[in-house]
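The following note sets out points on the pockets, cavities, sheets and selected residues of the model shown below. Please read it alongside the sequence and coordinates.

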Amino acid sequence: MDTTVLIAGAGPTGLTLAIELARRDVDVRLVEKANTYFAGSRGDGLQPRTLEVFDDLGVLDAVLAAGSPQYPTKVYLDGEFVTERWMSEHIEPTPAVPYPNIWFLGQSQTEGILRARLAEFGVRVELGTALTGFTQDELGVTAVLSRGGVEETVRAAYLVGADGGKSVVRKTLGIAFEGSTDESIRMLLGDVQAEGLDRRAAYWFAPAANPMEGVIFTPLAGTPHFQFGAPLGDGDLEAEASLAALQARLDSVSGGGVRLHDLAWSTVWRPNIRLAESFRRGRVFLAGDAAHVHPPTGGQGLNTGVQDAYNLGWKLADGSPELLDSYEPERRTVAARVLGVSTALMDKYADGDEEAHRRGPETQQLDITYRGGPLSAPATGDLRPGDRAPDAPLADANGKQLRLFELFRGPHATELVFGDGPVDAGFPGYRILPAGVAATGTDLVDVGGHAYAAYGATSGRRVVVRPDGYVWSIA
């Protein structure tokens, strides 16, 4: 075959999947129908679990350096400052959860970091290359690509549609995109420069008579812009989407004093809540927005797509039917749950709930589990197969400090043997001794007892962690 995996769509989902495959030495092509890279903030909230994925992919340092933690939001009603609020409480890192807080970085910047990482494996995005059709048989997929009017026929083992809510791949497969679009609610989202606003804070400007009918401005780290969100009325759409109309809307609720310019990107958003009936047909898979689209409330869409790719990549690289068959039941269940979280938050906004801006653990995606799925045997206890594998501090025989996440990092599964017992799973494995015990050779010591506590371990317990950081088995 000419190509092992063909990916359509070079957003965060497609890029993550391409990295996952390339670092396993899988031949991959990543095509994108747009002629230029996306430039805009769009999905700018990176949830704690996504930060853990980025740690494994080797891009976390770049993401942290380019982005920012959440900003306090200064609330103004009828132009008067009334309070300052936070979207969520700051959480201190723990041995099990090293990145417990959301991190903000514009989507185009995140994509740039992922593209740079992908290039380190010798793979680059093929811009201006559209997937126009495909067929499949028992041995592979035959796809037709079009670039500048020139067609190319590609033969691949697998095709992945990461090509967004209007997915050509999904439509060609004839998979229903179940859900709804609410045309009665519209919001203008985009990026703009705002002179007169302090870039160390976000702002909510609203009328005192209706505080939830506000306009929000949030600084975008590494750029001179703010991301804004403004409700749209029932008038002419094009006029409402203009810079002049946005300025007039802001002036009406802020009392003036803030000058907007350089409207760099904007889009009109409508509540679009949809879930693909199936995430797979034969050798063709769906991931990201091609499989599920979310309201922006809760910052779930980009993060869920990244984790679709993280789940699928190692399974495609392996190619075993058992693993490939597990993708849909694992990820479609998660997508349905996450859509419920996003929709509940959107409903709070629509109802004028004063707590609609608050975010809790349900949005962090740390509690996602594949318990009950095809790869997770039934078990008891606090930690079970299918759960996220916790982090913990360790030390080697020389006293060098390291973490479980460092052991997990890379394209492999990992075996942990607590206390006595051989390490012989056929992939990287480590014997972990209780705190206070002297290590020799390649053994590691549980610093502070955190690893034994997190894994409910007694001597002889064996835990296998999947390549995507979830518990595979406990014995």
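1. The second largest pocket has a volume of about 250 Å³. A pocket is an open set of points on a 1 Å grid over the protein atoms alone, with protein on both sides within 12 Å along at least five of seven lines; a volume is the space filled by probe spheres set on the points, which are joined across faces, edges and corners. This is a predicted model, in which local features need pLDDT of at least 70 and side-chain atom pairs count only at pLDDT 80 or more, while totals for chains, interfaces and linings use all residues. Residues are numbered from 1 along each chain as its sequence is written, and side-chain values use heavy atoms, with hydrogens and water left out.

2. The lining of this second largest pocket comprises 14 residues, and Pro-69, His-90, Asn-101, Ile-102 and Trp-103 lie nearest its centre. A lining residue has an atom within 4 Å of a point. By class the lining holds 9 nonpolar, 4 polar and 1 charged. Here Ala, Val, Leu, Ile, Met, Phe, Trp, Tyr, Cys and Pro count as nonpolar, Asp, Glu, Lys and Arg as charged, and the others, Gly among them, as polar.

3. There are 2 cavities of 30 Å³ or more, a cavity being a set of points where a 1.4 Å probe fits but cannot get out. The largest cavity has a volume of about 120 Å³ and is lined by 13 residues, with Glu-52, Asp-56, Tyr-310, Phe-405 and Phe-408 nearest its centre. Helix H2 (48–57) and helix H10 (404–408) each supply at least two residues of this lining, and H2 gives the most, with 5 residues. The lining of the largest cavity has 6 nonpolar, 1 polar and 6 charged residues. Helices (H or I, at least four residues) and strands (E, at least two) are DSSP runs, numbered from the N terminus.

4. The second largest cavity holds about 40 Å³ of space. Its lining is formed by Asp-44, Phe-104, Leu-105, Gly-106, Thr-218, Pro-219, Leu-220 and Ala-221, which divide into 5 nonpolar, 2 polar and 1 charged.

5. An open sheet of 7 strands runs in the order S21-S20-S24-S23-S22-S25-S26, with mixed pairing. Strand S21 (401–403) and strand S26 (471–474) are at the edges with a single partner strand each, so one side of each is left without a neighbour in the sheet. The twist averages 30° from one strand to the next. Two strands pair if DSSP finds at least two bridges between them; S22 (residues 414–418) and S25 (residues 462–465) run antiparallel and are joined by 4 bridges, with Val-417 opposite Arg-462.

6. Strand S7 (residues 130–136) and strand S8 (residues 141–147) pair in the antiparallel sense over 6 bridges. They form a hairpin with 4 residues between them, and Leu-131 has Leu-145 in S8 as its bridge partner.

7. Buried means under 20% relative accessible area (1.4 Å probe, protein chains only).

8. Ser-68 lies in the loop between helix H3 (60–66) and strand S4 (73–77). Ser-68 counts as buried because its relative accessibility is 7%. Its side chain makes a polar contact (a pair of N or O atoms within 3.5 Å, one able to donate a hydrogen and the other to accept it; residues adjacent in sequence count only if both atoms are side-chain atoms) with the side chain of Tyr-71, at 3.4 Å.

Key:
Axes are lines fitted to C-alpha atoms, for helices over the stretch in contact, and angles run from 0 to 180 degrees between N-to-C directions. Buried means under 20% relative accessible area, exposed over 50%, partly exposed in between (1.4 Å probe, protein chains only).
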